[in-house]
Amino acid sequence: MTNPISRRNFLRGRFSRAPAALRPPWALAEDVFLQACTRCADCLPVCPTHIVRNGDGGYPVVEFGLGECTFCAACFAPCPTQAICIGNIDESDERT
């Protein structure tokens, strides 16, 4: 990637970096997520709507152009490092 404040980018109208990637639901904060995620891709095949894909560097991203997230929590279960983790779920928050 080129320098976002370079003269070339300025003259081409590119004034900022690319937007942050959309991570799967319940992913940790971006800096913690990048340290915890091993890029094992275990979360990719379990997504029932197939919107969790490999992004830059092999980290999982959500592509809403492919469908919608149902918040089924299937992506967090196979995560070996809990880079995607629900944490404490209050029973009142669960849908029946």
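User: What is the relative accessibility of Trp-26?
Analyst: This is a predicted model: local features need pLDDT of at least 70, side-chain atom pairs count only at pLDDT 80 or more, and totals for chains, interfaces and linings use all residues. Residues are numbered from 1 along each chain as its sequence is written, and side-chain values use heavy atoms, without hydrogens and water. Buried means under 20% relative accessible area, exposed over 50%, and partly exposed in between (1.4 Å probe, protein chains only). Trp-26 counts as partly exposed, at 30%.

User: Which residue forms an aromatic pair with Trp-26?
Analyst: Rings of Phe, Tyr and Trp (its six-membered ring) pair if their centres lie within 6.5 Å; planes under 30 degrees apart are stacked, over 60 edge-to-face, the rest tilted. The structure holds 2 aromatic pairs. The one with Trp-26 is edge-to-face, with 6.0 Å between centres and 80° between planes, and its partner is Phe-71.

User: How many residues apart are Trp-26 and Phe-71?
Analyst: Helices (H or I, at least four residues) and strands (E, at least two) are DSSP runs, numbered from the N terminus. Trp-26 sits in the loop between H1 and helix H2 (30-36), and Phe-71 in the segment after S2. The pair links distant parts of the chain, and the separation is 45 residues.

User: What is the angle between the ring planes of Phe-33 and Tyr-59?
Analyst: Phe-33 lies in helix H2 and Tyr-59 in the loop between strand S1 (52-54) and S2, so the pair ties together parts 26 residues apart in sequence. Both Phe-33 and Tyr-59 are buried. Their rings are tilted, 6.4 Å centre to centre, at an angle of 55°.

User: Which residue forms a salt bridge with Arg-23?
Analyst: A salt bridge is a side-chain nitrogen of Lys or Arg within 4 Å of a carboxyl oxygen of Asp or Glu. The structure holds 1. The closest N and O atoms are 2.8 Å apart, and the partner is Glu-30.

User: What accessible area do Phe-10, Leu-11 and Phe-15 have together?
Analyst: Patches take residues with over 30% relative accessible area and no salt bridge, joining like charges within 9 Å and nonpolar side chains (Val, Leu, Ile, Met, Phe, Trp, Tyr) within 5 Å. Areas come from the Shrake-Rupley method with a 1.4 Å probe; for residues, only the protein chains shown count as cover. Leu-11, in helix H1 (residues 7-11), is exposed at 61%. The three residues form a nonpolar surface patch of about 380 Å².

User: What distance separates the C-alpha atoms of Gly-65 and Ile-51?
Analyst: Gly-65 follows strand S2 (60-62). Gly-65 is exposed, at 81% relative accessible area. Gly-65 and Ile-51 are 14 residues apart along the chain, and their C-alpha separation is 8.1 Å.
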